[in-house]
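Have a look first, then work through the points.

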Amino acid sequence: MSVALPPESEALGVDPALAKHTPMMQQYLRIKAEHPETLLFYRMGDFYELFFNDAEKASRLLGITLTQRGASNGNPIKMAGVPFHSLDPYLSKLIKLGESVALCEQIGDPATSKGPVDRKVVRVITPGTLTDSDLLPEKSERSLLALYVTEQRKTITLGLAWLSMASGALRVMESSANAVDFETRLKQELERIAPAELLVSESMASRVAALFNGKINTVPDWHFDIGNGSRALCDQLAVATLNGFGAEGLNAAIGAAGALLRYAESTQGKGLQHVRALTVESENEFIGLDAATRRNLELTETLRTQDTGNAPTLFSLLDHCRTAMGSRLLRHWLHHARRDQQVARARHAAVNALMRTDACSGLSGTLAAVPDIERITTRIALLSARPRDLAGLRAGLQQLGSLRAYVEICGRDADAPLLNTLHGALATPHDCLDLLERAVLLEPAAMARDGGVIARGYDAELDELRGLSENAGQFLLDLETRERSRTGISNLRVEYNKVHGFYIEVTHGQIDKVPDDYRRRQTLKNAERYITPELKAFEDKALSAQERALSREKYLYEQLLLALAPYISTLQAIAHALAQLDTLVALADHAARHNWCAPQLVPQPTIVIEQGRHPVVENQIERFIANDCCFDAEQRLLLITGPNMGGKSTYMRQVALITLLAYIGSFVPAQSATIGPIDRIFTRIGAADDLAGGRSTFMVEMTESAAILNNATEHSLVLMDEVGRGTSTFDGLALAWAIANYLIDNSRSFTLFATHYFELTQLPEIHPTACNVHLSAIEHKDSIVFLHAVQPGPASQSYGLQVAQLAGVPPLVIRAARKRLALLEAQSVNTTPQFDLFSAPPAAFDDGPETTTAAPDPATLRLLQTLDGINPDLLTPRQALDALYQLKQLGAGQQE
């Protein structure tokens, strides 16, 4: 997207072209030329103005008035503006629309400027570089991702670096793929990281445009130079080498990180003091969840809507966190479950200790008083923190002592090393807290420019200036009493307003008593206003003191932010510890209230769940039927049959969710659960067409199935629901049979395979590691009662007509369906075979034992040879008609 300048500004580098414009427009056009693809908010007094194409675009997007005022180079100037004090709502709307905004502020003094006031862009606000609390979602991250790709010997190396500007978390990783799998691998990482903005080189832009729907920014290829990236990272982290972070040899990721840092610094207009560490991720660190699985399991958004406000998702169910930091960490854990069982075991022990000591209520109450220290720390580092941020930070630090005491009690008699680690990380930074307590008022003003921020006693000069302003009231009362006595004017008043300053007001009836040293300042209808030398001297002193006090307070506030800079690393460590504690408390609280149990993680490949429940559904209905699930070396595929609405999908999802919960460190909704190593969770549940991508429902289903078959391993958990239903019966049945066979013989994954093809229930007779189970139901007259209990063996029928009746299908249709069903069931099983016009002869794909077939007769052989010799693409219409007559004659001869 490009925001074009007016035609007369095309040659901005040429002074004669700019000379045609007014001085102010010359300044604007120079600045705009540096940000051609960004909306430029140009500060003019109390407004941010936009001009030309920017004004038209902002008017359309924000619904603000578009006007024309004055002219530059003979053309009217289109403009639109917003008040500076209400900027945030407009910025928020533009960012949600994927726009970027450059804030151009006045940096010169209007009183001393001879021409236009000096201005410069102090910050560029983009979807991936947000730090303001008013622009950011409270419970989720908005990261900036840089992508760099290198190719060597047909192997593509994908280098990724991403930064959460609001927290300062910088991560990198590399992934290798061949040319065929490159797009799939990249799409998986984009789905996992879910960046708000993507940064790529100019040469890569076209390759990723179709894979990412968000904001894409392109920069020159040389920004991704690996040498420059390494130096930029070392400078940012204040180290001599990256080996200590495990980043040695990650050239593509280092190149991406270099471009990322350059771009991020350019948007902030300053260094990134809060980016102090680097995390290197590996491909095998987390349990793999593709986009379909995240969606089907409804981790953070439902299948029906992406609005996560009040939707019943796993995240909304578990999110009892009292801080925004805890909620964000919980969301991260759900999408990034670690494969390392030790990590989950440490969290299980901490949750168990919190439940045993019944400390959750006390911890929750104390955590509720803690603000978003993580994001406040970032704003301190970027010198954009507001006074109430600092007041909130002070209140949060004051809670650390109480939190440590609770944690110490919980970890005293329990084997919970994670709690001991958090206890150490929550030590109060007394110097930092003392500075905040001395410097900031208990209830400071919203903005530093308004004054009322710095506490009394912090700065003697400020206290003196404030004293002059605040003592003005008493001085005026004393002066009024003295002047009434001296002049004999009983209704004389000494007052002040912003226009005329201090004055003495006398009614017209008392003017003859006015002394000679009174000087007239203003005449009103019923009174005269005067000034005296004494009052004038006081006015100069008081008003000057007020202005100097505001200036002094602004300076002290800026110095306070600089004084807090050495504590940034400490505050970040405290914020991370608070987030972990809050998340663990939320998990413990939910487990205690809903009777969840501690899962056992074992090294053997197994999933054994007794009386498992779906964590979300059990809260939505009055009585949930718990069910068992058993996978081990002897049983790797459960073939699930049963009626629609019988609970097959719920049962499958609950197994996956219990497995995932165990690995994020949560207790699980079951009587007991024993779970072995898991590397990925796959789901193929439901489907919808992809019209924009040109894919039918069946194509989407097969694409997801292909991804499972190509990537599942013996440590994967696979959920396959009604595979093959999107095509004809025989095709669907054949595909479902072949897919199930492949999962048993080749992938050897733990698989939950739900189907309505009853022919598949013969699989356990061929494969001993497959097992039939069904969801039970009973039929009463013409209705059906679902029992939702998983029982051994296949189902007897699907009860499709009964479910259709429950859905409200007209009785006439149901009766017609019953008649047709009876007719179909009465017919012979030897139905007319379905021929696939696009397949080769069956023998070409038959992997089974060879069978003897009769040789074709000579007439048929001649017909086939003639057909094989025809190339339709080379025939004229006449030749095609002749060929058709020839085939007809051969066919007639064969019949004879």
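1. One term to start: a contact means heavy atoms within 4.5 Å. This is a predicted model, where local features need pLDDT of at least 70, side-chain atom pairs count only at pLDDT 80 or more, and totals for chains, interfaces and linings use all residues. Residues are numbered from 1 along each chain as its sequence is written, and side-chain values use heavy atoms, with hydrogens and water left out.

2. Now find Leu 752. Apart from residues up to four places away in sequence, Leu 752 touches Cys 629, Phe 631, Leu 638, Ile 640, Tyr 651, Met 652, Val 655, Val 718, Leu 719 and Met 720.

3. Leu 752 also turns up in the largest nonpolar core, a set of 111 residues where Leu 390, Leu 578 and Leu 752 touch the most other members. Such a core is made of buried Ala, Val, Leu, Ile, Met, Phe, Trp, Tyr and Cys residues joined through side-chain atoms within 4.5 Å; buried means under 20% relative accessible area (1.4 Å probe, protein chains only). The top contributor is helix H22 (residues 568-594), with 13 residues.

4. On to a sheet. Strands here are DSSP runs (E, at least two residues) and helices are too (H or I, at least four), numbered from the N terminus. Two strands pair if DSSP finds at least two bridges between them. Seven strands make an open, mixed sheet, ordered E13-E23-E24-E25-E21-E26-E27. Strands E13 (288-289) and E27 (783-792) are at the edges with a single partner strand each, so one side of each has no neighbour in the sheet.

5. What does Leu 289 stand opposite in E23? Ile 681.

Key. Buried means under 20% relative accessible area, exposed over 50%, partly exposed in between (1.4 Å probe, protein chains only).
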